[in-house]
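Thanks for coming. I will go through one structure today, going from strands to helices and back. Please have the sequence and the 3D view open.

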Protein chains: 2
Amino acid sequence: MKSICAVEGVEAAGIKEGKYGLALIRAAGSAAGVFTSNRVRAPCIELMERKILSGRLEAVIANSGCANAYTGSRGYADAEQMCIIAGEALGIDPASVGIASTGVIGRYLNLDLIGRQCRELVPLLAKSEEGEEQAAHAIMTTDLAPKHALIDGKKFLVAGICKGSGMIAPNMGTMLAFLYTDAAVETGALRDILRRVSRRTFNRVVVDGDMSTNDIALCTATQEAGSVSERQLETALESCCRSLATQIAADGEGATKLIEVTVRGAMNEEDAAAIARTVVGSPLVKTAVYGEDPNWGRVVAAAGRAGVAFDPSRISLWAGEGQDRHALVNCGSIVVDLSQAKKTMKGKKVVFELILEEGEGEATAWGCDLTEEYVRINGRYTT
Amino acid sequence: MKSICAVEGVEAAGIKEGKYGLALIRAAGSAAGVFTSNRVRAPCIELMERKILSGRLEAVIANSGCANAYTGSRGYADAEQMCIIAGEALGIDPASVGIASTGVIGRYLNLDLIGRQCRELVPLLAKSEEGEEQAAHAIMTTDLAPKHALIDGKKFLVAGICKGSGMIAPNMGTMLAFLYTDAAVETGALRDILRRVSRRTFNRVVVDGDMSTNDIALCTATQEAGSVSERQLETALESCCRSLATQIAADGEGATKLIEVTVRGAMNEEDAAAIARTVVGSPLVKTAVYGEDPNWGRVVAAAGRAGVAFDPSRISLWAGEGQDRHALVNCGSIVVDLSQAKKTMKGKKVVFELILEEGEGEATAWGCDLTEEYVRINGRYTT
């Protein structure tokens with residue numbers, strides 16, 4: 001098994017009918033969640049934020065095709081009903097059912113469809129590769145590939161599936177991530193770890209800069225593998241989420257290349273992250289990468305508008321990785337060799353490293369190039 | 001005359017050779033400027049910010065094709081030399097020569113070329129339609145059309161030319177605006193008026209969200225028309241700059257439509273502006289407008305991530321203008337009629353009005369749709 005079903009105590013199933021998919025995952029344990037910070041949040045997010053306070057989940061139900069966002073009190077009642085449907089079908093307390101939705105904004109859930117799909121899924125729940133694969137497929141919208149990760153922490157496992165073609169992709173966009181570990185960890189510690197890890201992984205993916213109304217990451221710890229150090233768990237969860245985050249960026253709508261931007265030497269991690277996110281989200285950097293144009297001035301210009309103080313005359317900028325890593329700017333001097341720089345823009349992954357002289361802060365962000373295909377995908381969506 | 005040469009005391013000329021243009025404008029008077037807030041600023045901006053402290057200009061020299069940005073102390077010396085070239089050719093003090101540059105970042109100015117072009121321009125300086133037109137053309141980069149405006153304040157005129165396909169367009173992007181009035185106004189008052197007006201006009205144009213290293217707006221008042229009330233001047237200057245700002249947005253790289261977003265009922269003007277700018281800059285809103293897809297959920301979702309507190313359940317959203325103005329959301333209820341909404345997306349201008357229930361704050365922002373052509377223009381630039 002490649003992801004969540006490898007974790008002790010996790011069973012999954014999924015179904016996809018046209019645009020409308022449903023994933024069901026059963027796993028009981030301590031649980032934590034992080035949610036979109038958009039002011040316009042889907043009712044299922046409002047509901048889920050309340051439910052997670054109990055610190056425990058026994059299952060998660062997630063649908064694609066309809067985000068149940070901007071649907072007001074009816075949307076909230078529908079989300080509650082969706083948890084009841086799952087709870088009754090599974091024979092568990094609906095209060096312990098987690099929920100997530102992704103799809104078009106401003107439309108109501110089809111609860112008849114979800115009810116029928118849910119009842120079909122319950123007998124299919126299995127600890128199998130097929131189950132985890134179907135669940136990962138069920139939550140896809142404009143994603144081209146299912147996304148999963150599995151990290152072996154020696155004495156324990158951490159795994160996850162997720163979907164997303166952007167922080168928000170189109171209306172049906174949204175990032176949903178469902179993470180599982182068999183490590184024994186209390187809710188409070190799990191919550192802190194998930195928050196820190198999300199900040200360094202999912203929150204550093206920028207496809208188009210549009211933040212969803214429905215973003216959610218849920219982590220459930222089944223406790224089956226016994227206790228592990230929080231540090232070990234955090235390291236493994238970070239690896240897992242980093243893998244999922246880069247998969248989201250690489251599968252950004254219309255993307256042909258993954259862009260990775262690392263900023264070092266900032267005053268602190270927050271400053272470094274702000275610059276890395278701004279560079280990786282810049283339409284001009286994204287189009288230059290698409291055109292394999294080593295237009296490094298755009299990287300520097302984007303860094304300059306990140307709202308972070310630094311001395312531009314002392315920065316260094318590198319492109320590429322390993323043997324193909326080349327300096328473009330060295331301590332404020334332009335040292336670029338355009339033919340070498342061009343080489344760093346070939347391939348499926350383009351890497352920039354920007355080094356400031358302000359402190360020890362360091363952060364990496366991931367994104368993708370901006371292509372005609374992004375425009376096509378998003379130019380006609382509702383219709 | 002359609003713009004600056006209509007103002008008493010203003011003469012202009014321009015030349016464009018391939019990518020390399022030079023504009024020369026002679027007009028003596030009190031002067032003020034506003035500049036990019038990018039941390040990475042071109043040396044000519046650093047120089048100009050110092051020069052404008054004198055509160056007086058006699059001429060402006062501006063080149064296109066090379067931004068002279070990220071060129072360090074040599075770039076600063078080059079910018080000073082460019083002012084000396086203009087001062088000597090015009091027989092005026094170089095300290096009173098304003099300067100601006102737009103074009104590729106990280107390349108040095110060709111001072112020989114600029115010197116030759118400048119000497120050719122001096123005898124061509126004229127108070128003529130040809131002169132103002134050539135100056136407006138000389139500063140164009142990816143712009144498809146020259147941009148000019150002329151406002152008749154009854155007893156005085158306000159006029160301007162500008163270029164720009166974005167807050168930053170590509171490397172050769174940048175917004176440059178040169179504004180003239182024959183009103184008699186002191187430097188201090190002119191500075192305050194220009195700052196307020198820029199905030200409500202140029203700073204509310206978003207093409208791609210990338211802020212330039214070279215943005216500049218300079219205003220010179222030749223005093224020839226005698227004194228006017230500051231309020232009258234501010235109103236006229238705002239009309240002039242609003243006209244130029246919408247021209248920039250409509251001529252955004254690859255644009256097929258102008259997008260105008262007005263936010264009313266925010267807590268204050270700043271909040272309204274933040275939301276309007278976020279909506280107009282959203283890639284998902286921009287692609288939906290391009291596809292004439294009345295995907296209003298994207299407008300609401302973008303508003304929600306603007307960093308401004310408001311109650312989503314009390315907003316109203318309208319699309320279109322005049323007789324074709326239709327409600328999409330009314331006080332939190334979805335009332336959209338998709339076929340009517342689709343009609344509001346046709347035409348060269350698409351208008352959204354978002355009404356909050358938080359206060360009296362109001363602001364308008366302008367942008368353009370995001371098209372395959374934007375990607376093509378910016379995918380291959382340096383080469």
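Let me start with something to look up: which residue in E14(A) is the bridge partner of A:Glu260? While you search, keep in mind that this is a predicted model. The partner is A:Val351. That pair belongs to two strands of chain A, E10, residues 258-266, and E14, residues 349-355, which run parallel and are joined by seven bridges.

Now the sheet around them. In chain A, seven strands form an open sheet with mixed pairing, and their order is E8-E15-E10-E14-E11-E12-E13. At the edges you find E8, residues 205-206, and E13, residues 333-334, each of which pairs on one side only.

Stay with chain A for the domains. The chain is divided into domain 1, which covers 4-245, and domain 2, which covers 258-379. Taken over C-alpha atoms, the centres of these two domains of chain A are 32 Å apart. Domain 1 of chain A puts eight residues into the contact, and domain 2 of chain A puts in 13 residues. On the domain 1 side of chain A, the residues that touch domain 2 are five nonpolar, two polar and one charged.

Next, a helix pair in chain A. In general, a pair of packed helices is described by the angle between the axes and the distance between them. For H8, residues 283-290, and H9, residues 296-304, of chain A, the axes come within 9 Å and cross at roughly 160 degrees. Angles over 145 degrees count as roughly antiparallel, so H8(A) is roughly antiparallel to H9(A). The crossing of H8(A) and H9(A) is left-handed. Who touches whom? From H8(A) we have A:Leu284, A:Val285 and A:Ala288, and they meet A:Arg298, A:Val299 and A:Ala302 of H9(A). By class, this contact of H8(A) with H9(A) has five nonpolar residues, no polar ones and one charged.

Over to chain B, beginning with the sheet. Here too there is an open sheet of seven strands with mixed pairing, in the order E8-E15-E10-E14-E11-E12-E13. Why do E8 and E13 of chain B each have one side without a neighbour in the sheet? Because E8, residues 205-206, and E13, residues 333-334, stand at the edges of the chain B sheet, and each has a single partner strand. For E13(B), take strand E12 of chain B, residues 326-330: the two strands run antiparallel and are joined by two bridges. In that region, B:Asn330 is opposite B:Ser333 of E13(B). Helix H6 of chain B, residues 230-250, packs on this sheet, where it touches E8, E10 (258-266) and E15 (361-368) of chain B. The direction of H6(B) makes about 40 degrees with that of E15(B).

Now the helices of chain B. H8, residues 283-290, and H9, residues 296-304, of chain B pack with axes 9 Å apart, at an angle of about 160 degrees. That angle makes H8(B) roughly antiparallel to H9(B). H8(B) and H9(B) cross in the left-handed sense. The contact consists of B:Leu284, B:Val285 and B:Ala288 from H8(B), with B:Arg298, B:Val299 and B:Ala302 from H9(B). Sorted by class, the contact of H8(B) with H9(B) comes to five nonpolar, no polar and one charged.

H9(B) also packs against H7 of chain B, residues 269-281, at about 130 degrees and with the axes 8 Å apart. Is H7(B) oblique or roughly antiparallel to H9(B)? At that angle, H7(B) is oblique to H9(B). The crossing of H7(B) with H9(B) is right-handed. H7(B) contributes B:Ile275, B:Thr278 and B:Val279, while H9(B) contributes B:Val299, B:Ala302 and B:Ala303. This contact of H7(B) with H9(B) holds five nonpolar residues, one polar and no charged ones.

Notes:
Residues numbered from 1 in each chain as written. Chains lettered and ligands numbered in written order. Predicted model: local features only at pLDDT ≥ 70, side-chain atom pairs only at ≥ 80, totals over all residues. Axes fitted to C-alpha atoms, helices over the stretch in contact; angles between N-to-C directions. Helix = DSSP H or I, 4+ residues; strand = E, 2+ residues; numbered from the N terminus. Parallel < 35°, antiparallel > 145°, perpendicular 65-115°, else oblique. Left-handed = near helix turned anticlockwise from the far one by under 90°. Contact = placed C-beta atoms within 7 Å. Nonpolar A, V, L, I, M, F, W, Y, C, P; charged D, E, K, R; others polar. Pairing = 2+ DSSP bridges. Domains from an automatic or database assignment.
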